[in-house]
Amino acid sequence: MSRESLKRMKNIIKKISEFYSDLAAQVKKHDMAFKLILAFFLFLTVFYLSTNRFRKEQFDLKVGDIAPYDIKIKRNIEYVDYIKTEEKRKDLISKISPVFSFDLGILEEEKKKVDAFFDKVLEIDNEFDPFERKIEQAKSIKLMKDANLLKILFLNFKENNFRNKAKEVLTKIYNAGVTDLDPESITSLGQTGNIIKIYNNEQGEEISIRARLDDLYYLKTINYFEVVKSIYSSLRWDKVQFLNVYVKRHVRPNLLYDKKLTDEKIVNAIGLVKPVGMKLKKGQVIVRYGEEISESDFKILKEVVKYSSETSVIRGYFVVLLALFILSLLIFKIYSPAIFNNLKTFLFLLSFIFIAVLLTYLFPNFNSFLKVKILSSFYIPIGGFAILIHQLTNYATSFWVLLFISILSMFLVGFNFVDFIIILLIGFSAVILSGKLKKRIYMWYLGLLIGLFYSVLNLGMTGIMNFSEEQFLNSLLMGFVNGIISIIISMGLYPLFEYFFNMLTEYKLMELSDLNLPIMKRLLIEGPGTYNHSILVANMAETATLAIGANSLLARVGGYYHDIGKLENPEYFIENQFGDDNKHQKIKPSISSSIVKSHVKYGEELAGKLKVPIEIINIIKEHHGTTMISFFYRKALEDVKSGKSEKQDMHTYKYEGPMPTSKEAAIIMLADSVEAASRALKNPSYTRLQNMVRELINERFLDGQLDDCSLTLMDLKKIEESFSHVLSAMFHTRIEYPDQNQIKKLENEN
Ligand SMILES: [Fe+2]
Ligand SMILES: [Fe+2]
């Protein structure tokens with residue numbers, strides 16, 4: 001990167017941070033409202049994304065897609081299965097036989113024609129002779145063309161009653177029914193193998209008869225020979241031949257397909273079909289994670305969509321989610337007030353939650369992009385988030401935020417508890433383990449450990465969720481990638497967060513503890529006494545915080561910075577006065593007091609300009625609490641007594657506070673007064689030092705200065721001990737420790 005672009009980058013960062021601080025100044029006035037608006041915005045986003053998933057999840061998925069998670073029914077659903085209903089209808093329709101109108105009149109008509117024919121034959125047979133003339137005559141009146149057949153007719157006419165036989169055959173054919181359709185086309189009208197014949201009987205009543213397709217005669221394929229033979233089995237061949245041909249002339253369809261009646265029957269039948277209802281129970285899995293979505297699954301999914309987008313579901317979901325948000329805000333406000341009240345930390349936590357939600361929402365896209373099937377929890381660098389959240393806040397806040405993120409993620413992936421558990425376990429372990437890290441380099445081990453956790457969980461899931469080998473290997477790889485990314489994120493974002501949010505971090509404190517910083521050098525030159533005092537206070541405070549398990553680095557830096565306000569008028573403070581030049585001799589005690597008091601206010605301003613973290617600024621503000629500047633107050637009272645001045649207001653001689661709110665600030669307060677008092681001691685013994693420390697701590701305690709700082713009596717005891725040790729080490733003269741044997745001896749003597 002060239003110097004130019006580096007400069008440009010710096011400018012951009014500077015501009016962003018300027019914009020941010022402007023914005024921060026603006027919103028500071030309406031702090032609470034702004035926070036609530038942000039939280040509500042986050043709530044709306046989560047609500048929109050998760051209900052969008054509700055509505056969209058099924059449309060995002062197509063037949064043949066792999067389910068990205070267990071798709072479950074979210075509430076009891078009853079719906080009409082149109083496909084099944086249609087199948088049922090079709091089934092019923094196929095059981096309906098086509099209706100044919102059965103014309104009985106045709107047989108009678110044809111019988112008359114047969115009579116007419118044979119009347120003529122009888123006439124010719126009687127009138128003409130010989131045999132040849134009969135045939136000629138028959139031909140001339142076009143009775144029949146075929147001479148051969150006429151021959152058979154006239155040769156056998158008398159002894160054989162062809163007339164009756166023909167009628168008999170026709171009756172058999174017509175009674176069974178003749179159709180000009182073929183069996184295939186009838187089957188296509190209804191696959192029952194039957195038809196319904198409908199006719200009116202002599203009384204005019206409608207009669208319907210079921211008939212088998214096999215029993216019908218099909219005009220084109222009637223085997224007359226067989227019909228005749230079936231009635232007259234012993235008839236001579238030539239006579240059968242005649243009847244065959246003759247009867248065929250009188251056969252025409254007497255069965256006509258009645259479409260109207262058939263359709264009516266179908267409509268009636270359909271009306272009787274009840275819709276097929278389907279019931280889906282809440283929690284029932286439609287498609288399992290990793291399984292292919294079949295056509296029937298997809299149909300159910302589409303049904304589910306109809307119900308999921310129902311307003312009642314959405315409304316219920318809105319209420320649940322809103323309740324969760326409000327609960328979180330309340331818990332946050334009650335259990336982590338410092339973080340809740342600080343707009344920066346609040347913003348920072350919201351942004352983490354937002355990113356996690358976004359990643360969870362987008363994970364199916366990642367899956368399709370990478371062509372893998374991995375759970376959403378493997379895509380969220382939750383370990384990195386957890387480490388950052390923990391290092392920038394505290395245990396309680398970290399755990400709650402992680403729980404919150406896992407609940408929201410669960411909402412987003414359709415209530416998949418596996419994701420919920422993974423996020424929670426990985427997040428919690430990252431928080432606990434990162435709290436134990438002493439060196440930055442160990443972070444990489446933590447990254448590998450997170451990867452290892454993922455693989456163990458992955459192994460467990462293979463059992464629970466029936467992972468395929470491919471899914472298992474992909475998830476294993478992703479788990480380790482996640483661990484490494486988590487560490488990169490936490491290490492990379494850390495300085496950025498420090499910078500933008502001006503947060504207190506160990507690294508920031510390390511930076512501030514450098515005595516070569518300009519502010520410290522200035523203090524050394526302009527107020528060498530204060531510089532020296534600050535170093536001593538820092539040492540004492542560090543030792544004491546170590547003894548009670550508070551933040552020792554914060555206490556040390558707090559010690560360095562607590563009196564930087566004295567840079568305004570360093571010569572007005574006793575530690576910087578060398579020789580007899582006491583500036584306060586020439587001014588009124590009330591003025592002296594306000595000059596001394598102003599070092600707190602100025603210190604706060606200076607620290608603000610130096611962009612020192614709020615925790616340090618608080619130490620500066622609180623390190624005198626609301627204590628009395630007794631030196632000047634006494635002087636003022638003496639002046640009143642001697643008549644030099646009027647009655648004095650006690651509050652003029654009191655620091656404005658507030659009283660220490662943190663353990664570290666309280667320890668700085670105690671160390672400050674102990675260090676100042678110790679300067680007056682000459683050749684102190686250990687016991688004298690210890691007594692002095694105890695007295696000063698008691699004084700502050702009884703004055704109520706330690707009421708807001710959560711130090712316990714046990715802590716105070718430990719602080720007292722460590723102050724005494726540090727002080728005794730600071731005094732170069734060897735201090736005689738009381739001899740225990742001597743004490744015993746004295747005790748025994750008494
Ligand atoms: Fe001070
Ligand atoms: Fe001080």
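Axes here are lines fitted to C-alpha atoms, for helices over the stretch in contact, and angles run from 0 to 180 degrees between N-to-C directions. The model shown is predicted, so that local features need pLDDT of at least 70 and side-chain atom pairs count only at pLDDT 80 or more, while totals for chains, interfaces and linings use all residues. Residues are numbered from 1 along each chain as its sequence is written, and chains are lettered from A and ligands numbered from 1 in the order in which they are written.

**View 1. Domains and confidence of the protein chain.** The domain assignment (bounds from an automatic or database assignment) divides the protein chain into domain 1 (25–60 + 327–501), domain 2 (99–267) and domain 3 (508–733). Between the C-alpha centres of domain 2 and domain 3 the distance is 132 Å. The protein chain has a mean pLDDT (the predictor's confidence in each residue, from 0 to 100) of 82, with 91% of its residues reaching 70 or more. Confidence is lowest in helix α31 (residues 740–749), where the mean is 65, and highest in helix α24 (residues 552–561), where the mean is 94; helices (H or I, at least four residues) and strands (E, at least two) are DSSP runs, numbered from the N terminus.

**View 2. The packing of α28 against α30.** Helix α28 (residues 663–678) packs on helix α30 (residues 713–730) at an angle of about 40°, and their axes are 11 Å apart. The two helices are therefore oblique to each other, given that angles under 35 degrees count as roughly parallel, over 145 as roughly antiparallel, 65 to 115 as roughly perpendicular and the rest as oblique. Their crossing is right-handed, meaning that the near helix is turned clockwise from the far one by less than a right angle, anticlockwise being left-handed. From α28, the residues I667, L670, A671, V674 and S678 meet I719, F723 and L727 of α30, a contact requiring C-beta atoms, placed from the backbone, within 7 Å. These contact residues divide into 7 nonpolar, 1 polar and no charged, where Ala, Val, Leu, Ile, Met, Phe, Trp, Tyr, Cys and Pro count as nonpolar, Asp, Glu, Lys and Arg as charged, and the others, Gly among them, as polar.

**View 3. Helix α7 with α10.** Helix α7 (residues 162–176) and helix α10 (residues 237–249) pack with axes 10 Å apart, at an angle of about 60°, and α7 and α10 are therefore oblique to each other. The crossing of α7 past α10 is right-handed. In this contact F162, K165, A166, V169 and L170 of α7 meet F242, L243, Y246 and V247 of α10, and the residues comprise 8 nonpolar, no polar and 1 charged.

**View 4. Helix α7 with α9.** Helix α9 (residues 224–231) also packs with α7, at an angle of about 110° and with the axes 10 Å apart, which makes α7 roughly perpendicular to α9. The crossing of α7 and α9 is right-handed, and the contact is made by E168, V169, K172 and I173 of α7 together with V227, V228 and I231 of α9. By class, this contact has 5 nonpolar, no polar and 2 charged residues.

View 5. G657 and P658 are joined by a cis peptide bond, with omega about 5°, and P658 lies in the loop between α27 (630–641) and α28. K611, in the loop between α25 (589–609) and α26 (614–622), has a phi near 55°, a positive value in a residue other than glycine.

Terms used. Contact = placed C-beta atoms within 7 Å.
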